[in-house]
Amino acid sequence: MAEKPTIYLETTIPSFLTARLSGDLIAAGRQLLTRQWWDGCRGKYEFFVSQYVLDEVAQGDAVAAAQRLEVLKDIDILKVDSEVVRLARRIVEAGLIPPKASTDAGHIAVASRYGLDFLLTWNCAHIANAEISKRIRAIMAAEGYELPEICTPEELFGGDGYEG
């Protein structure tokens, strides 16, 4: 039996999964789609997070943070080692992600460093961004790593009968 594809869950996934339904139509749609994907597709994948994700989901309202952490409780944690930090720094130094969003570069670095198949996110400003992904892919290749496929839950339904 083949291994399950691997996914790095970036912080927006547990956030959209557990948050109260937003009054903003786009955000609400993403929340509902994330929940539908989680319920229907999660058994097909092996999930991973990093300390970056755990630190981010632990912020804010204590009740909401506890809900986000609960969703992640059985998910393997990938180590943020010196290589991850170095790769993230390369992305920021290349001007692809601003220093104030360096954790976003960290998410990309973790998923690349550990050779995961997908990085799942709703962060389309700095992570799932077609304008920068080609350049980040080149940086990762120059460093000897392959950039995972960066996508949203909407893009990862595949041919499993989703009729959204």
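The model is predicted, so local features need pLDDT of at least 70 and side-chain atom pairs count only at pLDDT 80 or more, while totals for chains, interfaces and linings use all residues. Residues are numbered from 1 along each chain as its sequence is written, and side-chain values use heavy atoms, with hydrogens and water left out. Helices (H or I, at least four residues) and strands (E, at least two) are DSSP runs numbered from the N terminus.

**Helix 5 and helix 6**

- The axes of helix 5 (residues 82-93) and helix 6 come within 8 Å and cross at roughly 125 degrees; axes are lines fitted to C-alpha atoms, for helices over the stretch in contact, and angles run from 0 to 180 degrees between N-to-C directions.
- The two helices, helix 5 and helix 6, are therefore oblique to each other (under 35 degrees is roughly parallel, over 145 roughly antiparallel, 65 to 115 roughly perpendicular, the rest oblique).
- On the helix 5 side, E83, V84, L87, A88, I91 and V92 meet S102, A105, G106, I108, A109, V110 and R113 of helix 6, contact meaning heavy atoms within 4.5 Å.
- The residues of this contact of helix 5 with helix 6 comprise nine nonpolar, two polar and two charged (Ala, Val, Leu, Ile, Met, Phe, Trp, Tyr, Cys and Pro are nonpolar; Asp, Glu, Lys and Arg charged; the others, Gly among them, polar).

**Helix 6 itself**

- Helix 6 (residues 102-113) has 12 residues and reaches 16 Å from its first C-alpha to its last, close to the 16 Å expected (1.5 Å times one less than the number of residues).
- Nine of its 12 residues are buried, so helix 6 is largely enclosed by the rest of the structure; buried means under 20% relative accessible area, exposed over 50%, partly exposed in between (1.4 Å probe, protein chains only).
- The buried residues of helix 6 are D104, A105, G106, H107, I108, A109, V110, A111 and S112.
- G115, with a positive phi near 65 degrees, follows helix 6.

**Helix 5 and helix 7**

- The axes of helix 5 and helix 7 (residues 130-142) come within 10 Å and cross at roughly 140 degrees.
- That makes helix 5 oblique to helix 7, and the crossing is right-handed.
- L87, R90 and I91 of helix 5 make the contact with I136, I139 and M140 of helix 7.
- Five nonpolar residues, no polar and one charged make up the contact of helix 5 with helix 7.

**L9**

- L9 is found in strand 1 (residues 6-9) and counts as buried at 1% relative accessibility.
- Leaving aside neighbours within four places in sequence, L9 is in contact with W38, F47, F48, V49, V53, L72, I75 and L120.
- L9 and G106 are 97 residues apart in sequence and 13 Å apart in space, C-alpha to C-alpha.

Note on methods
Left-handed = near helix turned anticlockwise from the far one by under 90°.
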